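I have kept each point to what can be followed in the coordinates.

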Amino acid sequence: MRIFSGIQPTGRKHLGNYIGAIRQYVEGQDRGEAIYCIVDLHATTVPYDPPELRQFTYDTAAILLAAGLDPARCIFFRQGDVHEHSELSWLLSSVTAWGDLNRMHQFKEKSAQQRELVSAGLFLYPLLQAADVLAYRAEEVPVGDDQRQHVELMRDIAERFNARFGGGRELLVVPEHRIPEVGARIMDLQDPTARMSTTASSEQGAVYILDEPDVVASKIGAAVTDSGTEVRRAPDKPGIANLIEILAVVRGVEPERIEEEFAGQGYGAFKTAVAEAVVDYLAPTRERYAELREDEDVLERILVAGAQKARAIASPTLADVRKAMGVGPR
């Protein structure tokens, strides 16, 4: 099985990123041929600072490696180093419906945040994302719940391309998403009706992977709950439900086990347990990150070497697409 996923280099990575995506990346190395990239081209679709983008790219690379990605067991690269992504995106635009792109929830959310310019790149973001995956003929895409709609679009694009240009063959693989049953959508600690976000969450609303232990404990201790005392999941208890899910993922147990363990104990003991578990969970990555981030030359060599491996897979796909579409020389 071939697995592909990409991660934005913008901002600091938080617990929701770790639980929803990064841990899946690490596990994927044992389940198939894993291909992961830092999507720096996607990061240019909203206002950004170029020097910061380079630094964030190295930050993200170091976090992923610290979390357990092994360049000897996966292909790990920077999106901008593989031009096949961009060209395939343009070619696939011929089988992508404008109406489908216009219905993307993330475009609506992010465009509403742009005061000066809503870029065409932001509108076409899901199309480039589809090219990222389809270039590798990946069968599985590990993502968080917020990316479900984008994977459905990838499937539609692949099916439409095969029907129009495949000549009865499946030139592009129709991928499946892999969304964790627990932890697919970690919510903001201060607003448990909204997901934890690099850009939208407040400083207190997000636990960052590199937060110091006392900061993690403070944020979880101040997490919004409700006026009750029962540690259980319910529609009127989104804050507690979120913390139950976090603890369940970190401990590797079912949420029901957490409810049973803390029945009758109240929120104080429960929040303390969540904080301690999250601190322990993130500690190895935070400590390893400090070692890796210091040497940007090593990080650069890893990304460049990964791009060479990625191009060896993406180039034949692009050649097949060009041939099927009648683009370029015979």
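1. Is I179 buried or exposed? With a relative accessible area of 17%, I179 is buried, although, as the model is a predicted one, this and every other value below describes a prediction. The cut-off that matters here is 20% relative accessible area, under which a residue counts as buried. I179 belongs to the loop between β5 (176-178) and α9 (213-221), and its C-alpha is 9.6 Å from that of D146, a residue 33 positions away in sequence.

2. The strands β1 (residues 2-7) and β2 (residues 33-38) run parallel and are joined by six bridges.

3. Which aromatic residues form one cluster with F4? The cluster consists of F4, F77 and Y136, and the search of the whole structure finds eight aromatic pairs. For F4 and Y136 the ring centres are 5.2 Å apart and the planes stand at 10°, so this pair is classed as stacked. Because F4 lies in strand β1 whereas Y136 lies in the loop between α7 (120-134) and β4 (140-142), the pair ties together parts of the chain that are 132 residues apart in sequence. Both of these residues, F4 and Y136, are buried.

4. A second aromatic pair, that of F107 and F123, has another geometry: it is edge-to-face, with 5.1 Å from centre to centre and 80° between the planes. F107 is in helix α6 (residues 105-113) and F123 in helix α7, so that the pair links distant parts of the chain, 16 residues apart. F107 and F123 are both buried.

5. Two arginines deserve a separate look. R12 lies over the face of Y208, at 3.9 Å from the ring centre. R137, which is found in the loop between α7 and β4, has a positive phi of about 50° although it is not a glycine. R137 is partly exposed, its relative accessible area being 23%.

6. How many disulfides does a search of the whole structure find? The search finds zero. C37 is in no disulfide, and the nearest cysteine sulfur, that of C74, is 11 Å away; the cut-off for a disulfide is a pair of cysteine sulfur atoms within 2.5 Å. C74 is likewise in no disulfide, with the sulfur of C37 as the nearest cysteine sulfur. As for accessibility, C37 is buried at a relative accessible area of 1%, and C74 counts as buried at 6%.

7. The last point concerns T45, in the loop between α2 (40-43) and α3 (50-67). A polar atom of the T45 side chain lies 2.8 Å from the backbone oxygen of H42. T45 has a relative accessibility of 12% and therefore counts as buried.

Technical notes: Residues are numbered from 1 along each chain as its sequence is written. This is a predicted model: local features need pLDDT of at least 70, side-chain atom pairs count only at pLDDT 80 or more; totals for chains, interfaces and linings use all residues. Side-chain values use heavy atoms; hydrogens and water are left out. Two strands pair if DSSP finds at least two bridges between them. Helices (H or I, at least four residues) and strands (E, at least two) are DSSP runs, numbered from the N terminus. Buried means under 20% relative accessible area, exposed over 50%, partly exposed in between (1.4 Å probe, protein chains only). Rings of Phe, Tyr and Trp (its six-membered ring) pair if their centres lie within 6.5 Å; planes under 30 degrees apart count as stacked, over 60 as edge-to-face and the rest as tilted. A charge sits over a ring if NZ of Lys or CZ of Arg is within 6 Å of the ring centre and within 35 degrees of the ring normal. A polar contact is a pair of N or O atoms within 3.5 Å; within protein, one must be able to donate a hydrogen and the other to accept it, and residues adjacent in sequence count only if both atoms are side-chain atoms.
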